Amino acid sequence: MPAPAWSDWQPLPAFAPPWDAAGLAETLDGGQAFRWNRQPTGSWLGLWAGCAAEVRLTNDALQWRAPAAVATVTGAALPRYFAAQEDYGALVDSLPWRSDPHLARCLREFPGLRILRQPFGETLLGFLCSATKQIVQIKQMLALLASRHGGKIVPGHRRLPTWSELAEIPEADLRACLLGFRARYIHQTARFIAGHPGWLDETEALPYFEAKARLCSLPGVGEKIADCVLLFGAGRLEAFPVDVWILKAMAARYGLHGWKPAQVTQFGRVHFGPLAGLAQQYLFASERRAAQAKG
DNA sequence: TGACAGGGGGTGT
DNA sequence: ACACCCCCTGTC
């Protein structure tokens, strides 16, 4: 099979502040998305929906290219996927960093961090896989799901199965993709979504609290996963996912020792304001880096 | 090189 | 609180 021809490298529409390598790595492989892989050349190869893109950083500018067969559709999808229409300088500046030295430090630490705007349904699938799993394992599950059950994007790369397709897959076959107890949740969720056409699209369009409540009605989806789906798959920057990492980080950095997740959620909304999820992502990135440095 | 614990970014009961 | 699954990682 011949290697697919790739489009020329092209700049992504410019927007400030500039990208940096750490921020790009954290954005693509820090727990928002699970289908980006660093290439030997240092660029990143990512798959979503029917798109395949390679991105790289040159002189603080982001460039992309795609297999010729999907270059048009990928190029059209990229600005939305990378939230290129958002003025991140203004968004970040509106966070309460002036009165929060720790937040200010995290913002300085990852100047290129973004919140991706991934396809809603795929984001739900990714985070249904995420319970008590680390990023490498989630990526492995999704890679298996795509390779065994997803349609071809270009030779060598497959998309994730749609929810309609997932509804037709026996639970045992899902388990074979290393999903463990999550296979049952995904199977049941797929049956529900398949039986309620338009439900996902409607949910994505609802106001934040209503959308979250609807997601939480799905088997295997609790508050944390619902918030991740809304933050990374619907652009709801007010969603503030509280997991054990953020629980520990907030305890250590803001003195919230012994606080329960619901209390930390409330604190986050009040303290960080309407873009609490954006602030959370910077805190999260900083804690991850600290943990990695520690070994 | 291989076996063996231990624990894991959550949800449901 | 504990089960749910089972892969990853560190360790011997």
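This is a predicted model: local features need pLDDT of at least 70, side-chain atom pairs count only at pLDDT 80 or more; totals for chains, interfaces and linings use all residues.
Trainee: What makes S4 and S5 count as paired strands?

Mentor: Pairing takes at least two bridges between the strands. Strand S4 (residues 51-58) and strand S5 (residues 61-65) share five bridges, in the antiparallel sense. So the two strands qualify as a pair. As one contact, Glu-54 has Arg-65 in S5 as its bridge partner.

Trainee: What is the order of the strands in the open sheet?

Mentor: The five strands run S1-S5-S4-S3-S2, with antiparallel pairing.

Trainee: Why is one side of S1 and of S2 left without a neighbour in the sheet?

Mentor: Strand S1 (10-11) and strand S2 (36-38) stand at the edges. Each has a single partner strand, so one side of each lacks a neighbour in the sheet.

Trainee: Now the DNA. What makes Arg-175 a residue near DNA strand C?

Mentor: The cut-off is a C-beta atom, placed from the backbone, within 6 Å. Arg-175 is among the residues that surround DNA strand C, and so are Val-136, Gln-137 and Phe-181. Helix H6 (135-149) and helix H8 (171-179) each give two or more residues to this surface. H6 gives the most, with three residues.

Trainee: How do the residues of that surface divide by class?

Mentor: Three are nonpolar, three polar and two charged.

Trainee: Which residues come nearest to DNA strand B?

Mentor: Of the 19 residues around DNA strand B, these are Gly-31, Ala-131, Gly-222, Ile-225 and Asp-243. H12 supplies the largest share of the surface, three residues. By class, that surface has nine nonpolar, seven polar and three charged residues.

Terms used
Residues are numbered from 1 along each chain as its sequence is written. Chains are lettered from A and ligands numbered from 1 in the order in which they are written. Helices (H or I, at least four residues) and strands (E, at least two) are DSSP runs, numbered from the N terminus. Ala, Val, Leu, Ile, Met, Phe, Trp, Tyr, Cys and Pro count as nonpolar, Asp, Glu, Lys and Arg as charged, and the others, Gly among them, as polar.
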